[in-house]
Each structure stands twice: as C-alpha cells, then as structure tokens.
Amino acid sequence: MRVGIGYDSHAFATGRKLILGGVEIPNAKGLAGHSDADAVAHALTDAILGAAGLGDIGRMFPNDDPQWKDASSIDLLNKAFLKVGEAGFQFVHADVTIIMEQPKLAPYVDAMEERLAEALRAGPAQVSVKAKTNEGMGWIGRGEGVAVLPSLRSAEAQESPDGLPRVSPAAPYRTAVRADRGSGRRRKHLPAVPADVAVSLGAFLAGGAS
Ligand SMILES: [Zn+2]
C-alpha cells in the first residue's frame with residue numbers, strides 16, 4: 001500500500017474559465033495558469049505520482065513547455081495514471097478537499113468525482129471530493145484563489161487493493177525454487193508445499209517436467 005498527498009493553489013483571473021475536477025463551473029472569474037489551471041486535477045496528479053515515487057507534475061509536464069499550454073489537466077492526470085500503471089502501481093482511492101470561498105461547489109461535486117474517476121479508470125466510489133470554505137480568513141477567504149489538498153492510495157500491482165499481497169497460486173512455489181538456489185538460511189522461511197505440488201516441483205528441479 002502506498003499513500004500520496006498533493007497540494008495545488010491557483011489565483012483567480014478574469015477572462016479565464018473556471019475548471020475544477022474536469023468540470024466547467026459557471027463563474028465570472030476562472031483560474032490563472034499555463035494549462036486550463038484545474039487545481040484539482042493538478043493536485044491529484046501530484047498525489048498519484050508521489051505515491052509511485054515518480055516525481056511531480058512540474059517534472060512530467062513542465063509549465064514552460066508549449067505543448068502543455070491550455071492543456072486539459074484531466075488529460076494530464078490520465079497520462080500520469082498511465083505512467084504509474086506502467087511502473088507497476090494501481091490506483092485504489094483518492095480523497096480530495098477543495099478550499100475556496102466562492103462559488104459554492106456542492107452542485108458540481110458528483111460530476112467532478114465522475115470525471116476524475118474516468119481519468120483514473122476507476123469507479124466514482126473510488127474518488128471522493130469535498131468542498132469547504134476558509135471561513136473568510138486569509139487569501140482564500142478574500143476570494144483570491146483556490147487551494148486543493150488530495151490524499152491518494154495506490155497499491156503495487158502484486159498487492160490486492162486492501163494492502164494484502166496479491167499472490168497467485170503458483171507464487172509460493174516459485175519462491176521455493178528461488179530460495180532453494182540461495183543460502184540455507186532462507187530455507188526455514190519456505191512455505192509448506194502440498195504433496196502433489198512437491199512432487200511436480202521435485203520433478204521440475206530434477207529437470208524432468210516443465
Ligand atoms: Zn496547478
């Protein structure tokens with residue numbers, strides 16, 4: 001089981017669309033940024049890369065690279081997800097908190113969960129989005145921008161999503177073969193091998209069966 005956290009913030013700017021979690025939200029101002037400035041997708045991208053130890057969004061999609069200008073950040077999240085999959089990790093669950101004063105996000109939370117889950121090839125139940133204000137305090141309270149804090153769980157491909165090792169029926173016996181070639185000290189950790197498997201394993205080690 002691996003855990004990633006992320007953070008992103010963007011300032012409001014005029015003449016921009018407000019896009020959060022892949023959903024366009026009607027508002028007089030949008031967010032400033034090189035891409036579509038979707039702070040939710042950005043923070044989640046950092047979290048999924050972090051859980052896999054693959055750096056951060058700025059390293060993967062540099063913001064001075066013209067190919068990412070006005071990019072759909074949901075697409076960037078999906079690209080990061082695919083990279084993480086190639087590295088042997090699977091997405092399990094994300095919980096995202098969006099902190100901003102206005103507009104109210106409650107009507108858009110379900111749509112955001114769906115869009116984010118789509119990018120992560122997951123079901124909406126695997127993505128939770130929560131929206132809150134900063135109670136009028138500080139730069140968020142003054143309506144200058146938005147902050148997003150996600151946490152995300154992923155599992156290594158050989159783990160099941162509940163964090164237990166995902167072991168194929170043959171795996172203990174492959175381990176036994178490897179351990180048998182190693183030092184005697186590892187032998188005491190060998191799993192018990194059922195008799196029928198022990199017979200075929202013995203035949204395999206003797207070179208008599210495939
Ligand atoms: Zn960002």
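How many of the residues of α1 are buried? The helix is mostly covered, with 14 of its 14 residues counted as buried, where buried means that 20 or more other C-beta atoms lie within 10 Å of a residue's own, exposed means 12 or fewer, and partly exposed lies in between, with C-beta atoms placed from the backbone. The structure is a predicted model, in which local features need pLDDT of at least 70 and side-chain atom pairs count only at pLDDT 80 or more, while totals for chains, interfaces and linings use all residues. Residues are numbered from 1 along each chain as its sequence is written.

As an overview, the chain contains 7 helices and 8 strands; these are DSSP runs numbered from the N terminus, with helices (H or I) of at least four residues and strands (E) of at least two. Of its 210 residues, 32% count as buried. Contacts that join residues at least 24 apart make up 68% of those between residues at least 6 apart in sequence, a contact being a pair of residues whose C-beta atoms, placed from the backbone, lie within 7 Å.

After α1 comes Gly53, with a positive phi near 65°.

The largest nonpolar core has 45 residues, and Val40, Leu44, Ile48 and Ile98 have the most contacts inside it. Such a core is a set of buried Ala, Val, Leu, Ile, Met, Phe, Trp, Tyr and Cys residues joined through C-beta atoms within 7 Å. Two or more residues are given to this core by each of β3 (19-20), α1 (39-52), α3 (73-86), β6, α4, β7 and β8 (145-156). The most come from α1, which gives 10 residues. In soluble globular proteins, nonpolar side chains tend to be buried together. Beyond its neighbours within four places in sequence, Ile48 is in contact with Gly4, Ala80, Phe81, Val84, Phe91, Leu152 and Ser154.

Neighbours within four places in sequence aside, Ile57 is in contact with His42, Thr45, Asp46, Leu49 and Leu76. Between Ile57 and Leu44 the separation is 13 residues in sequence and 9.4 Å in space, C-alpha to C-alpha.

Turning to the strands, β6 pairs with β8 in the antiparallel sense over 10 bridges and with β7 in the parallel sense over 6 bridges; a pairing requires that DSSP find at least two bridges between the strands. Ile99 stands opposite Ala147 in β8 and opposite Lys132 in β7. Strand β2 (residues 8-14) also pairs with β8, in the antiparallel sense over 4 bridges, and His10 has Val146 as its bridge partner in β8. A further antiparallel pairing joins β2 to strand β5 (residues 29-31) over 3 bridges, where the partner of Phe12 is Leu31.

A right-handed β-α-β unit is made by β6, α4 and β7. Here right-handed means that, with the strands pointing away from the viewer, the path from the first strand over the helix to the second runs clockwise. Within α4, the buried residues are Met112, Glu113, Arg115, Leu116 and Ala119, and they pack against β3, β4 (23-24), α1, α3 and β7.

Some backbone details in the loops are worth checking in the viewer. The peptide bond from Gln102 to Pro103 is cis, with omega near -10°, and Pro103 is found in the loop between β6 (89-99) and α4 (109-119). Arg121, in the loop between α4 and β7 (127-132), has a positive phi of about 50° although it is not a glycine. This residue counts as partly exposed because it has 13 C-beta neighbours inside 10 Å. Glu135 likewise has a positive phi, near 55°, in a residue other than glycine. Glu135 lies in the loop between β7 and α5 (138-141) and is exposed, with 10 other C-beta atoms within 10 Å.

Note on methods. Two residues are in contact if their C-beta atoms, placed from the backbone, lie within 7 Å.
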